[in-house]
Amino acid sequence: MKKEDNKKTLLTDLSVGQKAEIVSIEGGRGARKRLSDMGLTPNTTIEVIRIAPFFGPVNIEVRNFRLVIGRGLASKILVKPK
Amino acid sequence: MNGGKKLNIVLAGQANVGKSVIFNYLTGLHQHIGNWPGKTIEKAEGTLFYKDHVIDVVDLPGIYSFSTYSVEELISREYIITQNPDFIINVIDSTHLERNLIFTLQLLELEKPVVIALNMSDLLKQERIEIDFRKLEDILGVPVIPVSAVHGKGITELIDSGLKLIENYSPPENIRLKYGNETEKAVEEISGQINKTINIYPVRWTAVKLLEGDSEIIKECEKENITAIRNANSLAEDLKRIHGHDASVLIADERCNIVFKITCEVMKILPSKKISFRDRFDSISSDKIWGYPVMIIMLILVFLFIFKFGDFLSGIIEIPYKNLQATIANSVGTSFPASLVTSAFDSILALILIALPYILPFYFVLHFLENWGYLSRVAFLSDSLMHKLGVHGKACFPILLGFGCNVPACLSCRIMETHRERFLTALLSVFVPCSAVSVIIMGLVGKFVGMEWAIGLYFLAVIVIFAVGKIASKIITGEPMELIMEMPDYKSPSLKTIIFLTWYRLKNFVYSAAPIIIISGIIIGAIHSAGWSNYISDFLKPVTVNWLGLPLYTGILLIFGFLRKELILLMLAALAGTMNFNEVLTPVQMLTLAIVSMFYIPCVATITALKKEFGWKKALGITVFKIVFAIILAGIISRILTFFMN
């Protein structure tokens, strides 16, 4: 168990292979609605599968399927690392 | 049994679940493309003749929810509500049950008869998943049919159970799937205040949407149900206070929880298999380092395939084409009306000559990569690059297509979510040098000025695309979208699906482009045989000769290029009387002509595609912009080159 366990952080700050629980999604209504419609709701566990270079998008696994989220939007997702 | 009755059914589901395969299976050759009134979005429509029934089948676009995020979502829900289909087939990818059921729950809220097609059920064993579909049927209260669309299994059962369902259908009275206590209370309270006689939307659904703050539904209800809206707002505030999240997020979360519970009850995942070759390729092809070389190799292979195949096909077609052209020219004579007939035939043949050889393999490869799952990896890897152009990763796809032909590029902009992204992507794709432009670049500059200059022109195109993207994304209003895309697993491409989609797209292109190409062919033919070519060249003299420094006769070339850009090169040979262009043009003139040809206008087929997607105003806007831009750019470059090269 690491020290920052109970700290909230941004999805973009996670490293590949790390799991986390979604705390909240900031940002525009449309995108937030979209993500929650796809199953990214508070308390959902996600895992970072890969991160594209050059500030590219983040590929995560959530509810048994894989999703790619642009870096800008991913940086608005607040998570609690597991 | 309601024998001989006309029915209307709808296929709905998320993207990549095999809807189009089922659609194709149901309707076979009886397909047509239709728009419903006032909407520019397209739906695939077909007819199924089944046991006395004439069934109109509509394939809605793949969507994730019925909110207002994308054009498709909005239109799909409007279609279901206003067109009132007899029943809906909800196609589900059974290997991703949980994700798919989130949409199913929203579909069920529309209170129409629904049959669930548990597609890809043949893959369950391989994926080591077990689904108790009888139990799922019980929980959801609708028929659930295991289907394997690729193998045609379960499709008859699907239609049968749908027909049985609507024989004596009454909407379920008690709601089986309930939200959390507070949410339910709020929904009930709002439901009571909704004016049922005026609203065409289901009451409970409307209540949920008002609570979610859905802007479209609020607009719809503003006149008649202002109290309900006000109440919904205050109830949403209450919910936010209790749960700490927006009502819309809360509702989505509760929906997800219902789905999670259902999934746990009906689905079992058996211990997993070992890492397959597919997984290994997946990790290489989306790797942050290795992904890029893999992508470059793939793209080179794709382009090689398309150009080789295109050359091969056009080689086959060319001889009969020339013979036919000669036969027509001989048989109709040389009178003025006869020359119009000849140009009309020429245009049709020209259409076949572009549509078939290059567009056909393009569509085929595109759907192959899409079906296989590779395109999503390209979008993932190129997202950050695309953001520099003001769009997101999915736009790489139309832009790549543009290298073959701008027409499919414009049409495929539909994969973008909003009007803004679609228009921006189309604008970028029409600046991509298509295969006809490549013919000019290679045949004129590559051959007579130097290969390095030809490659330089491609670089120029890239720079122009970046500049246009940068500027246009600043000018065009609206919030830029972020990439949200499902990353599908690699799967074995289904040849049947790929061929079907290729055929469907090709047909669509021919229907939309043919009339315009033929009409403009006739007009240009008339101008030519009336002997006005010289007047036109004279008229264009200030631009061609004075500003661009080109010979006088290039004026008419540019007019012909409007039809098909490679005509510029063919006509140049005819007018100059030689294929050795270096005898008639200086290197600077060749470069200038190539630059003008690259950018000066989208060809008529592309303009038609633009018009189809965005309307006349925007299509003409792009056209005018390109003409002005190309002339200014080519003139400036010509001056710079003259300064340095002489």
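Which residues in H18(B) meet which residues in H24(B)? On the H18(B) side they are B:Val439, B:Ile440, B:Gly443 and B:Leu444. On the H24(B) side they are B:Ile568, B:Leu569 and B:Leu572. By class, this contact of H18(B) with H24(B) holds six nonpolar residues, one polar residue and no charged residue. The model is predicted.

Now take the geometry of that pair. Helix H24 of chain B covers residues 567-576. Its axis and that of H18(B) come within 8 Å and cross at roughly 40°. Angles under 35 degrees count as roughly parallel. H18(B) and H24(B) are therefore oblique to each other.

H18(B) has another helix to follow. Helix H18 of chain B spans residues 435-448, and helix H19 of chain B spans residues 451-475. They pack at an angle of about 150°, with their axes 8 Å apart. Angles over 145 degrees count as roughly antiparallel. H18(B) and H19(B) therefore run roughly antiparallel to each other. The crossing in which H18(B) passes H19(B) is right-handed.

The residues behind this packing can be picked out on both helices. H18(B) brings B:Ser438, B:Ile441, B:Met442, B:Val445 and B:Gly446. H19(B) meets them with B:Met451, B:Trp453, B:Ala454, B:Leu457 and B:Tyr458. Eight residues of the contact of H18(B) with H19(B) are nonpolar, two are polar and none is charged.

Helix H7 of chain B is residues 203-212. It packs with H10(B) at an angle of about 130°, the axes lying 7 Å apart. The two helices, H7(B) and H10(B), are therefore oblique to each other. From H7(B) come B:Val208, B:Leu211 and B:Glu212. From H10(B) come B:Ala247, B:Ser248, B:Ile251 and B:Arg255. This contact of H7(B) with H10(B) has four nonpolar residues, one polar residue and two charged residues.

B:Arg255 leads out of chain B. Its side chain meets that of A:Asp37 in a salt bridge, at 3.9 Å from N to O. The pair crosses between chains: B:Arg255 sits in helix H10 (residues 247-266) of chain B, and A:Asp37 in helix H1 (residues 29-37) of chain A.

What does the contact between the chains take from each? It takes 38 residues from chain B and 36 residues from chain A. The area buried between chain B and chain A is about 3,200 Å², and carbon and sulfur atoms give 59% of it. In chain B, the residues that lose the most area to chain A are B:Phe380, B:Glu482 and B:Ile484. Together these three make up 18% of what that side buries.

Salt bridges complete the tour. The rule finds five across the interface of chain B and chain A. A:Arg63 and B:Glu98 join their side chains in a salt bridge, at 3.1 Å from N to O. Over all chains, a search of the whole structure finds 21 salt bridges.

Notes: Residues are numbered from 1 along each chain as its sequence is written. Chains are lettered from A and ligands numbered from 1 in the order in which they are written. This is a predicted model: local features need pLDDT of at least 70, side-chain atom pairs count only at pLDDT 80 or more; totals for chains, interfaces and linings use all residues. Side-chain values use heavy atoms; hydrogens and water are left out. Axes are lines fitted to C-alpha atoms, for helices over the stretch in contact, and angles run from 0 to 180 degrees between N-to-C directions. Helices (H or I, at least four residues) and strands (E, at least two) are DSSP runs, numbered from the N terminus. Angles under 35 degrees count as roughly parallel, over 145 as roughly antiparallel, 65 to 115 as roughly perpendicular and the rest as oblique. A crossing is left-handed if the near helix is turned anticlockwise from the far one by less than a right angle, and right-handed if clockwise. Contact means heavy atoms within 4.5 Å. Ala, Val, Leu, Ile, Met, Phe, Trp, Tyr, Cys and Pro count as nonpolar, Asp, Glu, Lys and Arg as charged, and the others, Gly among them, as polar. Buried area is the accessible area (1.4 Å probe) that two parts lose on being put together, summed over both. A salt bridge is a side-chain nitrogen of Lys or Arg within 4 Å of a carboxyl oxygen of Asp or Glu.
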